[in-house]
Amino acid sequence: MQVKIAPSILSADFSVMGETIKKLEKSGADLIHCDVMDGTFVEPITFGAQMVKNIRPLTKLPLDVHLMIEHPKTQIKFFADAGADIITVHYGACKKISDNYLKETLELIKSCGVKCGAVVNPDIPVENIFPVFPICDMVLLMSVFPGYGGQKYIEEVTEKITKAREYARSIGKGDMDIEIDGGVTEENCKKIIDAGANVLVAGSTVFKSADIAKTIKTLRG
Ligand code: DX5
Ligand code: ZN
């Protein structure tokens, strides 16, 4: 399966975001990962749909919007209108509201013509999102607790990747995107890919690099 690298702009300098987006595209990035944080579901506040709208005209790359927010359903329309190509929402944020909220939110995303995905934190079994695999274009397994870049990869997540890939295959969706987010480095990328992930988010690894193109190539395994 083709491995895709999604640099997270969370680790970028927000004052020169436009230049950064163009540089990422030139350096071979496959998607732009946009970390939206609301100060409630996670402590920090990053940016909202306006950022997505402003970077949309600067690149042809898909914009991968990771919503770390409470009540995600209320924001879908804004991110879809802003030009998101894929929107992922947290199982944990949805479960708090109702058992059906995750499925309803994913269906809402799809009804806006945008790809959808479900996310689980490191301490949530991947089995909890198996019921929505049939409607997901991607699933995102967090390999750190969300909120901050630069954390260490949680090793226990590797076996969740294998479980997710096996389950996707078992329902005839073997080529489904499985994304890993948090602590991805040039050292651990191979292990993550071998376990069955094909979309790797990388924040600090990409933005600390002196040669982003080379780092992206290495991350591809
Ligand atoms: C964490 C975010 C990540 C983060 C990854 O809450 O969802 O996308 O930017 O950063 P690194 O790659 O530095 O762990
Ligand atoms: Zn993210």
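Six donors count as octahedral if opposite donors are over 155 degrees apart and all others between 65 and 115. In this predicted model, the zinc ion (ligand 2) meets that description: its 6 donor atoms subtend angles of 69 to 169 degrees, which makes the arrangement octahedral.

**Zinc site**
- His33 (NE2), Asp35 (OD), His66 (ND1) and Asp181 (OD) coordinate the zinc ion (ligand 2), at 2.0 to 2.3 Å.
- Along the chain, the donors of this zinc ion are spaced H-x1-D-x30-H-x114-D.
- Two of these residues, His66 and Asp181, link distant parts of the chain, 115 residues apart.
- His66 lies in strand S3 (residues 63-68), whereas Asp181 belongs to strand S7 (residues 177-181).
- Both His66 and Asp181 are buried.

**Strand S5: pairing**
- S5 pairs with strand S4 (residues 86-90) in the parallel sense, over 5 bridges.
- Within S4 and S5, Val89 stands opposite Ala118.
- S5 is also joined to strand S6 (residues 138-142) by 4 bridges, and these two strands run parallel.

Methods. Residues are numbered from 1 along each chain as its sequence is written. Chains are lettered from A and ligands numbered from 1 in the order in which they are written. This is a predicted model: local features need pLDDT of at least 70, side-chain atom pairs count only at pLDDT 80 or more; totals for chains, interfaces and linings use all residues. Side-chain values use heavy atoms; hydrogens and water are left out. Donors are N, O and S atoms within 2.8 Å of the metal (3.2 Å for Na, K and Ca); water is not among the atoms, so sites may look incomplete. Four donors count as tetrahedral if all angles lie between 85 and 135 degrees; four count as square planar and six as octahedral if opposite donors are over 155 degrees apart and all others between 65 and 115; anything else is irregular. Buried means under 20% relative accessible area, exposed over 50%, partly exposed in between (1.4 Å probe, protein chains only). Two strands pair if DSSP finds at least two bridges between them.
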